[in-house]
Structures are given as C-alpha cells and as structure tokens.
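Please read the following with the sequence and the coordinates open side by side. The text goes through the contacts between side chains, one kind at a time.

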Amino acid sequence: MKILVVVAHPRTDSLTSSMTKRFTEGLIEAGHEYEIADLYAEGFNPLLYPQDEPDWNNPSKAYSDEVLREMDRIRASDALAFIFPIWWYSVPAILKGYFARVWNYGFAYGPAKLPVQKIRWIALVGETQAKFEKREYHLLVQQHLNVGLAGYTGVQDSNVHFMYNTIGEFAEGQQEKNEAHFAALLNEAYRIGHTF
C-alpha cells in the first residue's frame, strides 16, 4: 500500500517530526511505501482564492496548479495519514486550508469521492488525557475528523489516534518519567505505522 503522510508543524525539530519519523519507520517495516507532504516545508498556501473556490455548477472546474498537484499526490496513494498538533482544539490553520483547497468539489465530494481506502489521524495533544476528555474535546475532534471530513468524502475506514501529554506535565525532577513517556509516544507512532 502507498500512503501519503501529510505533516503540519512549522519546526523540523518538533515532536510532530519525530512522530512522523517513527510512523514511517513502522510503515517501512510493514512493507508499505509512503510519500511525505510536509505542508510548512513545502510552502503550501492555505488561503482559498476564487480559482480554488468550489463551483457546484461545474464539477470539472480547473483548479490551480498547486491544488492539482496535491490532488495528483492523493490519486497516486491508497491511503492518507495526517500528523499534526491539536491547536485550539482543532487542526492547525495550514491543514484546515489544505482541506478547503485540495479536498474540493468534484474531487473529494459531490460527483466524486476521495480516492483512498483509509485515513489515520495522529493528533498530538499538549494536555493530559484526563484534562482533554474532561470537556469531551476528544469526541469533538473525532466527530470532526472521522465524520465531518473522512465520512463526508466517502472514506469509512478512519481512525484518530490521540498522543496525550506531549508537553510533558510531570512534577519537577521527574526527568526519567518524562523521557519514558515520550519514548512510549514514539513507540505508539511506530505501532500505528506498522499495523497500517
């Protein structure tokens, strides 16, 4: 299987980048192929201009070259994986712009559905699981990603993997516990890739 791995974080030395590395190592071990789409590194423009605005009267609308390139990357893949931090209880703005521009009418919804078999979402959450789930933010994110995005575009095999406490809320002086926690998160990213 070929997986397009879409990454949304401005720093290459981030935990998001480390998660991506471990996830793709798992993919390789399982015999999959992959391509990285690093939205920040590639300078993806998340702003939606009229050329990429949906036209419900024209399912064959010619979108911008940037959007057509991204659509081709998706067509060349069997599945998608998204790796990103949760900011303000949602995806980063650059990723929201990616959906608005690339998952467009006539390609991902309307007369056509997204041409992939499954989607995996690896969401890095700064808070602990207890704090995040206290106000049911996990349900909000799952509904948005699994139903509002994947389901709406025809992908039924969609699953969100939350990586909690990515800032490391441990008592001072518990460096070993911190290191073990981050190692466990990276091992989980590998497992998700290996069982893709």
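What follows covers the core, the aromatic rings, the charged side chains and the surface.

The model is predicted, so local features need pLDDT of at least 70 and side-chain atom pairs count only at pLDDT 80 or more, while totals for chains, interfaces and linings use all residues. Residues are numbered from 1 along each chain as its sequence is written, and side-chain values use heavy atoms, with hydrogens and water left out.

In soluble globular proteins, nonpolar side chains tend to be buried together. A nonpolar core is here a set of buried Ala, Val, Leu, Ile, Met, Phe, Trp, Tyr and Cys residues joined through side-chain atoms within 4.5 Å. Buried stands for under 20% relative accessible area, exposed for over 50%, and partly exposed for values in between (1.4 Å probe, protein chains only). The largest nonpolar core has 40 residues, of which Phe82, Tyr98, Trp103 and Trp121 touch the most other members. Two or more residues of this core come from each of β1 (2–7), α2, β3, α3, β4, α5 and β5. Helices (H or I, at least four residues) and strands (E, at least two) are DSSP runs, numbered from the N terminus. With five residues, α3 gives the most to this core.

The aromatic residues can be read next. A pair of aromatic rings is described by the distance of the centres and the angle of the planes. Rings of Phe, Tyr and Trp (its six-membered ring) pair if their centres lie within 6.5 Å; planes under 30 degrees apart count as stacked, over 60 as edge-to-face and the rest as tilted. Across the whole structure, the search finds 18 aromatic pairs. One of them is the edge-to-face pair of Phe82 and Trp103, with 6.0 Å centre to centre and 70° between the planes. Phe82 belongs to strand β3 (residues 79–85) and Trp103 to the loop between α3 (93–102) and β4 (118–124), so this pair ties together parts that are 21 residues apart in sequence. Phe82 and Trp103 are both buried.

A tilted pair is formed by Tyr109 and Tyr152, at 5.6 Å centre to centre and 40° between the planes. Because Tyr109 lies in the loop between α3 and β4 and Tyr152 in the loop between α5 (137–151) and β5 (157–163), the pair ties together parts that are 43 residues apart in sequence. Tyr109 has 12% relative accessibility and therefore counts as buried, whereas Tyr152, at 48%, counts as partly exposed. Ring pairs also link Phe44, Phe82, Tyr98, Phe99, Trp103 and Trp121 into a cluster.

Some rings have a charge over them, which requires NZ of Lys or CZ of Arg within 6 Å of the ring centre and within 35 degrees of the ring normal. The charged end of Lys113 sits over the ring of Tyr152, 5.6 Å from the centre of that ring. Arg120 lies over the face of Phe196, at 6.0 Å from the ring centre.

Side chains of opposite charge can pair when their charged atoms come close. A salt bridge is a side-chain nitrogen of Lys or Arg within 4 Å of a carboxyl oxygen of Asp or Glu, and by this rule the count comes to twelve. Where does the salt bridge between Arg101 and Asp52 link the chain? This bridge, at 2.8 Å from N to O, joins helix α3, which holds Arg101, to the loop between β2 and α2, which holds Asp52, 49 residues apart. Arg101 is buried at 4% relative accessibility, and Asp52 is buried with a relative accessible area of 3%.

Lys21 and Glu25 meet in another salt bridge (2.7 Å, N to O). They are four residues apart in helix α1 (residues 15–29), so about one helical turn separates them. Lys21 is exposed at 53% relative accessibility, and Glu25 is partly exposed at 25%. Lys2, Glu35, Glu42, Glu70 and Arg73 are linked in a network of salt bridges.

The surface comes last. Tyr40, Trp87 and Trp88 make a nonpolar patch of about 410 Å². Patches are made of residues with over 30% relative accessible area and no salt bridge; like charges are joined within 9 Å, nonpolar side chains (Val, Leu, Ile, Met, Phe, Trp, Tyr) within 5 Å. Tyr40 is placed in the loop between β2 (33–38) and α2 (65–75), and at 31% relative accessibility Tyr40 counts as partly exposed.

Methods: Areas by Shrake-Rupley, 256 points an atom, 1.4 Å probe, with all protein chains shown as cover.
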